[in-house]
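Q: I want to learn to read a model like this one, feature by feature. Where do we begin?

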Amino acid sequence: MFTHVTRPGAIGRLRVANRVVMGAMHLNLEGLDDDGAALAAFYARRARGGAGLIVTGGSAVSPVAAGGPGYSLVNDPAHHPALRAAADAVHAEGGRIALQLFHAGRYALLEGTGLTPVAPSPVHSRFARTTPRELTADDIARTLADFARGAATARELGYDAVEIMASEGYLLNQFLSPVTNHRTDAWGGDAARRRSFPLAVLRAVREAAGEDFPVLFRISGADLVPGSSSQEETDAFAVALAEGGAAALNVGVGWHESRIPTVQGAVPPGAWAGYAEAVKKALCAAGHPDVPVIASNRITRLEQAEGLLRGGGIDFVSMARPFLADPDLVAKSVRDRGEPVNICLACNEACIDRSFGTERVSCLVNPRAGHELDFPESPRDTARRYAVIGGGPAGLEAARALAALGHRVELFEAAREPGGQFRMARQVPGKEDFGATLRYYGAELDRLGVRVHLGRRLGLGDAELLRGFDGAVLATGVLPRLPDIPGWTRLHTLTYPEAFACPEALGERVVLLGGGGIAVDLAHLLTGARTPTPEGFLAEHGLPEGADGPAGGAGGAPPARRRITLVRRGARMAAGTGPSTRWVVMSQLRGHGVEMVTGVHYREITRDGVVVADADGAERLIEADTVVFATGQESERTLVPALRAAGVPYETVGGARDASGLNAVRATAEALRAAHRLGA
């Protein structure tokens with residue numbers, strides 16, 4: 001089935017076992033004071049899971065090059081033990097690993113360091129707080145030397161290759177773009193001079209590390225910024241890299257300040273593959289067909305990778321966050337034993353959003369990611385019996401983790417299907433893979449021998465049943481919180497679970513009270529939007545497949561079938577949504593004509609709609625046929641007395657523990673910790 005994925009390949013003189021590259025991800029493990037133990041365990045686990053080549057998160061070539069406080073510094077001897085440990089751990093598993101050499105340029109987050117970001121020109125970015133300083137000729141010479149020394153150091157530390165980061169709007173990409181390179185010297189001006197610095201980096205790195213040492217280049221197939229590099233300039237740069245001895249080109253897309261989504265769930269899988277194929281086509285036309293091209297971004301399943309490789313337009317596929325969700329995604333798929341693969345949801349909450357701060361990167365659907373040493377899953381010598389009460393995300397993870405420790409587990413779920421609020425989320429356009437998570441857990445619990453009781457609501461009279469267990473996890477989730485608003489009986493009113501259960505039964509004019517993630521998701525569903533095909537997504541954003549630059553903005557969204565109004569007491573809609581996703585969600589709602597009203601008080605529900613008042617007391621009527629309450633949740637903890645009466649040790653997790661600020665990342669992480677506290 002995976003004949004193309006499993007074919008051995010070569011990147012320069014480096015032989016790799018298959019065509020799957022684990023792409024670079026900054027993890028915030030790099031700077032831990034543990035001599036690299038957590039970092040090594042993370043990468044070793046992915047090598048054991050079948051990644052053909054692992055590319056590390058960016059290692060900054062100097063302090064001013066760092067993307068944030070958690071970056072490793074390849075040229076600082078204090079960071080060498082951790083970097084060496086990572087390479088050694090991957091090799092011990094039979095894997096191959098490349099160190100990414102990184103310079104953030106004007107994207108550097110250097111608050112508190114006393115350093116100022118540097119760039120080709122002093123062009124401010126919305127992504128950073130500080131306008132960068134323009135690099136002088138001496139600065140450029142030092143930066144070239146930093147890259148060269150970093151490559152030589154990587155080889156000395158045992159790495160099999162290096163990757164130069166020249167994509168996603170970082171320093172080398174900034175030199176290439178007329179948007180950020182306004183220089184008039186040898187390093188700027190026309191396209192040929194703008195690519196002089198990245199090509200000089202390639203020469204310096206190859207001279208320092210040896211021409212037999214593979215150098216991959218991560219390039220931008222499309223900056224997705226108006227006025228930036230053209231497709232012709234991208235093609236010419238790719239050809240110049242091939243002629244300069246680059247061992248492979250890894251093609252990314254988009255800058256952090258682009259207003260076109262690139263890595264969010266709104267982007268259909270495979271949407272960006274055409275840009276890598278365009279680079280390969282340019283290389284072949286210039287006489288360099290043997291230089292491998294790697295496609296990346298929003299490739300979530302090995303079946304997709306196989307299809308892209310079968311098409312012949314690329315040579316390798318890069319999958320980054322899918323290895324957070326399931327480190328065994330290659331091994332499981334290739335073994336073809338029916339083992340479930342845990343699918344990346346592209347939610348960004350525990351990965352990309354955390355990578356710009358200091359919190360350890362992990363994964364909503366795999367909270368062990370980044371914590372491999374904290375939660376070893378070797379079966380315990382003595383198997384005990386545990387009850388998990390509630391089959392939402394927290395309960396499913398608790399049951400899985402306890403069973404993986406070798407215990408006998410029974411899960412009790414009141415509904416006829418497990419999943420909790422994931423059952424609602426999977427209905428939302430762009431969130432269909434939340435259903436894949438539920439399928440994964442269903443198959444995994446079956447594989448681990450967990451007994452699942454559906455339609456079984458435990459009550460206060462079940463203390464005797466619970467006494468038969470050695471411990472329990474209470475994961476009963478949340479109930480909708482209903483605001484005290486006069487006039488409920490005057491209009492068709494629903495709670496948000498009721499609305500998700502029958503969205504087609506809502507009227508033409510719908511008012512959603514509450515502006516959190518659930519309300520926003522429900523509004524998106526009610527617009528009648530559909531997840532686009534890759535071709536449809538590109539067309540919507542004015543992007544012909546494999547060409548650069550937004551030609552027509554972000555138009556193309558059909559008008560909403562209903563008139564939908566989101567009403568929130570607070571000042572910020574979707575306030576709890578992560579920063580890398582919120583702007584996409586808000587753009588989608590505006591594009592579908594959803595009205596958003598913030599900073600008001602709910603006064604009354606009348607036969608005509610909802611009366612609200614602003615901060616000055618001025619009232620207005622928002623007309624409605626249906627009002628939906630999405631005004632928060634309350635913990636469902638009615639079973640606590642039964643658990644106490646049973647006298648068994650128990651842990652409370654997820655919404656049952658605390659409904660405030662609830663999200664699935666917190667719920668699954670709490671479930672994993674609780675399982676290990678109980679079952680260790």
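Q: Leaving aside its neighbours within four places in sequence, which residues is arginine 301 in contact with?
A: First, a caution: this is a predicted model. Leaving aside neighbours within four places in sequence, arginine 301 is in contact with Met319, Ile343, Asp433 and Ala436. Arginine 301 sits in the loop between β13 (293–295) and α9 (302–310).

Q: Is arginine 301 buried, exposed or partly exposed?
A: Partly exposed, because its relative accessible area is 22% and buried means under 20%. For distance, take alanine 271, 30 residues away along the chain. The C-alpha atoms of arginine 301 and alanine 271 are separated by 13 Å.

Q: Asp433 and Ala436 were among those contacts. Which residues of α15 are buried?
A: Start with the general idea. An α-helix has 3.6 residues a turn, so residues three or four places apart point the same way. Now the case. In α15 the buried residues are Asp433, Phe434, Gly435, Ala436, Thr437, Leu438, Tyr440, Tyr441, Glu444 and Leu445. The buried residues of α15 pack against α11 (329–335), α13, β16 (408–413), α14 (422–425) and β17 (451–454).

Q: What span should helix α15 have?
A: Helix α15 covers residues 433–447, 15 residues in total. At 1.5 Å a residue it should span 21 Å, and its end C-alpha atoms are 21 Å apart, so the two agree. Glycine 449 follows α15, with a positive phi near 80°.

Q: How does helix α8 do on that check?
A: Helix α8 has 13 residues, 273–285, and should span 18 Å. Its end C-alpha atoms are 19 Å apart, which agrees. Its buried residues are Ala273, Gly274, Tyr275, Ala276, Ala278, Val279, Lys280, Ala282 and Leu283. The packing partners of these buried α8 residues are β11 (215–222), α7 (231–243), β12 (248–253), β13, α9 and α19 (534–540). Just after α8, glycine 287 has a positive phi of about 90°.

Q: Where are aspartate 35 and alanine 346?
A: Aspartate 35 is in the loop between β3 (20–22) and α1 (37–48). Its relative accessible area is 62%, so it is exposed. Alanine 346 is in the loop between α11 and α12 (352–355). Its relative accessible area is 4%, so it is buried.

Q: How do I read a helix pair, and at what angle do α13 and α22 cross?
A: Look at axis distance, angle and handedness. The axes of α13 (residues 393–404) and α22 (residues 664–679) come within 8 Å and cross at roughly 35°. The crossing is right-handed. On α13 the contact is made by Pro393, Ala394, Glu397, Ala398, Arg400, Ala401 and Leu402. On α22 it is made by Ala667, Thr668, Ala671, Leu672, Ala675 and Gly679. These contact residues divide into 9 nonpolar, 2 polar and 2 charged.

Q: How many disulfides are there?
A: The test is a pair of cysteine sulfur atoms within 2.5 Å. The count comes to 0. Cysteine 363 is in no disulfide, and its nearest cysteine sulfur, that of cysteine 344, is 6.4 Å away. Cysteine 363 is buried, because its relative accessible area is 13%. Cysteine 284 is partly exposed, at 38%.

Conventions. Residues numbered from 1 in each chain as written. Predicted model: local features only at pLDDT ≥ 70, side-chain atom pairs only at ≥ 80, totals over all residues. Heavy atoms only, no water. Axes fitted to C-alpha atoms, helices over the stretch in contact; angles between N-to-C directions. Helix = DSSP H or I, 4+ residues; strand = E, 2+ residues; numbered from the N terminus. Left-handed = near helix turned anticlockwise from the far one by under 90°. Contact = heavy atoms within 4.5 Å. Nonpolar A, V, L, I, M, F, W, Y, C, P; charged D, E, K, R; others polar. Expected span 1.5 Å × (residues − 1). Buried < 20%, exposed > 50% of the residue type's maximum accessible area, 1.4 Å probe, protein only.
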